[in-house]
Amino acid sequence: MWFKNLTLYRFNKPFVIETEQLEQALEAFQFHPCSSQDISKFGFSKAFGKIGQSLVHSANQRHLICATKEEKILPSQVIKEALEEKVAHLEDEENRKITKKEKDALKDEITTTLLPRAFSRRSQIHAVILPEQQLLIVDSSSATKAEELLALLRKAIGSLPVVPVSFATPIELQLTDWLKQGELPVPFYMQDEAELKSAADEGGIVRFKQQDLTEEEVLAHLEAGKQVHKLAIQFEQSISFVLQSDAGIRRLKFAEEFRAQTDDVAGEDPLAKLDADFVLMTGEIIALLNTLFIKLGGVEEQSI
């Protein structure tokens with residue numbers, strides 16, 4: 001429920017779909033488990049999992065959605081060995097070389113035979129749509145997985161005019177400037193982790209962990225021309241995270257004291273607790289992003 005990574009997208013056109021419309025649109029692309037011959041399935045599932053009631057959970061004009069992916073685990077080595085054995089048997093039996101076209105057909109046949117016995121694994125990815133802020137946030141550190149969810153959502157609603165969030169001033173320049181100054185603008189506070197890269201294409205990379213970033217050792221790399229591409233930051237007393245130069249927010253962690261604000265809901269309906277957590281989490285994420293966008297000099301306007 002609590003997001004751990006933020007991959008940010010901005011709407012170029014207002015998102016005006018109501019909850020009921022969105023729910024109906026997602027139903028047509030709802031997740032169904034793999035059949036015996038399916039190698040993978042991907043679709044929308046209940047926003048709050050097994051105890052959820054709908055594919056879309058909305059509160060305070062914020063919409064939570066979830067997509068589930070099931071993949072059959074069929075190691076390529078297993079298929080390769082089975083294919084080699086089959087090819088060797090046929091070549092010996094028919095006293096001829098098996099053609100590439102025949103091998104491809106045999107590979108498909110073997111895959112079809114093995115699929116029903118293959119193990120499967122499932123993974124989920126959540127996203128929140130924030131119409132008032134005109135943002136879409138995917139809880140994933142993988143751009144590929146985020147784009148996969150966006151593609152599914154685009155199919156469901158017909159159009160999804162979003163672009164990755166970027167800034168008028170490159171983030172690495174702003175982060176480098178902050179590190180040179182030895183402090184971040186309030187309410188942000190510098191932590192003890194950073195990654196510095198040379199501006200040259202084949203330049204070096206230096207990573208610091210559990211180190212005072214104001215020390216001379218760190219500053220010397222900045223003087224040598226390296227730029228800050230990752231920086232660990234604290235927001236207020238509520239959230240710690242690592243900001244990347246590609247605008248990705250990674251290793252998002254909410255303070256225990258902050259999360260405890262909804263503990264008094266624990267004895268009620270589990271859905272009420274999840275709803276309270278969702279409202280609390282998204283409210284603080286919005287506060288974080290609003291402040292971050294200002295301190296980084298503003299979001300760059302882009303067209304699709």
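**Exercise 1.** How much space lies in the second largest pocket, and which residues line the second largest pocket?

*Solution.* The structure is a predicted model, in which local features need pLDDT of at least 70, side-chain atom pairs count only at pLDDT 80 or more, and totals for linings use all residues. Residues are numbered from 1 along each chain as its sequence is written.

Begin with the term: a pocket is an open set of points on a 1 Å grid over the protein atoms alone, where a 1.4 Å probe fits, with protein on both sides within 12 Å along at least five of seven lines, and lining residues have an atom within 4 Å of a point. The second largest pocket holds about 200 Å³, a volume being the space filled by probe spheres set on the points, which are joined across faces, edges and corners. Its lining includes Phe31, Lys46, Arg122 and Gln124, and strand 2 (40-45) and strand 5 each supply at least two of the lining residues.

**Exercise 2.** Which strand gives the largest share of the lining of the largest pocket?

*Solution.* The largest pocket, with a volume of about 280 Å³, is lined by 15 residues, of which Lys69, Ser123, Gln124, Ile125 and Lys145 lie nearest its centre. Strand 4 (62-73), strand 5 (119-130) and helix 4 (143-157) each supply at least two lining residues, and strand 5 provides the largest share, 6 residues. Here strands (E, at least two residues) and helices (H or I, at least four) are DSSP runs, numbered from the N terminus.

Methods. Heavy atoms only, no water.
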